[in-house]
Amino acid sequence: MELDELVITRAIVEEYTRTFLDYTDVDVALVGGGPANLVAARYLADAGVKTVIFEKKLSIGGGMWGGGMMFPRIVVQEEAKNILDDFNINYHEYEKGYFVASSIESVGRLITGATAAGAEIFNLIDVEDVMIRENDAVCGLVINWGPVSMSRLHVDPLAIRAKLVIDGTGHDAAICSTIQRKIPGAQMGELGVIGEKPMWADVGERILMETTKEVYPGLIVTGMAANAVAGAPRMGPIFGGMMLSGKKAAEIAIEKLGK
């Protein structure tokens, strides 16, 4: 067949625009495309929740791509092995209770699992603010192109509406920090955004299930962002806690939505 560049251009722009407009009004908007949010998106979509992920970078997967210090392997503990099975991620037991998987394959299968379940992912979109309305609850996000925010260009943003928002932005806890900065007296949990403590994988992984919760009306926090908000330790290249946290965040959202 003879290819027409104009048809290609129209196909891309029309299909993207149609999908984007459809996802300006969603049940749950997840900020950050790391492992916790990818897991959350899969379980949310499986439950029939209209789900979208916004990632400001070109690639999805957060810090999982690099494994540990660019050795492309991750470790997952026994408690989270069933999530590896849910996503058909290959792994083997290194020592009792320590399971090793390829970080590259893991990211690919997490993305595939989320999108195959029906979640939509938009990369290169940054969330620069939130919308708050009745009952002081988060009800949407203010978005702009990732390259616009990275280049510090003065371009006005657009907005999307969401019944719930999940902050999975990692160490920065960007959405929680934005609310705390812009709303006088706003407090994430009991003490506000404290910032993560030094690495202690054992404590960080265990406490993550406690720190994953709704920390502000309409805002759930997951993954490393949850520990950063609560002042808990970072964990390093063990990802079982991230996956379990994502699943718990989805369960919290599903319950709040009454699904």
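**Exercise 1.** List the residues that I175 touches, leaving out those up to four places away in sequence. Then decide: is I175 buried or exposed?

*Solution.* This is a predicted model.
- Step 1: I175 touches V31, V127, V130, D167, T169 and L219.
- Step 2: I175 sits in helix 6, residues 174-182.
- Step 3: Apply the cut-off. Buried means under 20% relative accessible area. I175 has 1%, so I175 is buried.

**Exercise 2.** Locate R234 and classify its accessibility.

*Solution.* 
- Step 1: R234 belongs to the loop between helix 8 (224-230) and helix 9 (240-257).
- Step 2: Its relative accessibility is 33%, so R234 counts as partly exposed.
- Step 3: Set aside neighbours within four places in sequence. R234 then contacts H171, E196, K197, P198, M199, W200, A201 and M224.
- Step 4: Check the record. An unreviewed UniProt entry annotates R234 as "binding site".

**Exercise 3.** How are helix 7 and helix 9 oriented to each other?

*Solution.* 
- Step 1: The axes of helix 7 (residues 201-211) and helix 9 come within 9 Å and cross at roughly 10°.
- Step 2: Angles under 35 degrees count as roughly parallel. Helix 7 is therefore roughly parallel to helix 9.
- Step 3: Name the contact residues. Helix 7 supplies E205, L208, M209 and E210; helix 9 supplies G240, G241, M242, L244, S245 and K248.
- Step 4: Sort them by class. The contact has four nonpolar, three polar and three charged residues.

Note on methods:
Residues numbered from 1 in each chain as written. Predicted model: local features only at pLDDT ≥ 70, side-chain atom pairs only at ≥ 80, totals over all residues. Heavy atoms only, no water. UniProt positions renumbered as here; feature names shortened; annotations may be inferred. Helix = DSSP H or I, 4+ residues; strand = E, 2+ residues; numbered from the N terminus. Buried < 20%, exposed > 50% of the residue type's maximum accessible area, 1.4 Å probe, protein only. Contact = heavy atoms within 4.5 Å. Axes fitted to C-alpha atoms, helices over the stretch in contact; angles between N-to-C directions. Parallel < 35°, antiparallel > 145°, perpendicular 65-115°, else oblique. Nonpolar A, V, L, I, M, F, W, Y, C, P; charged D, E, K, R; others polar.
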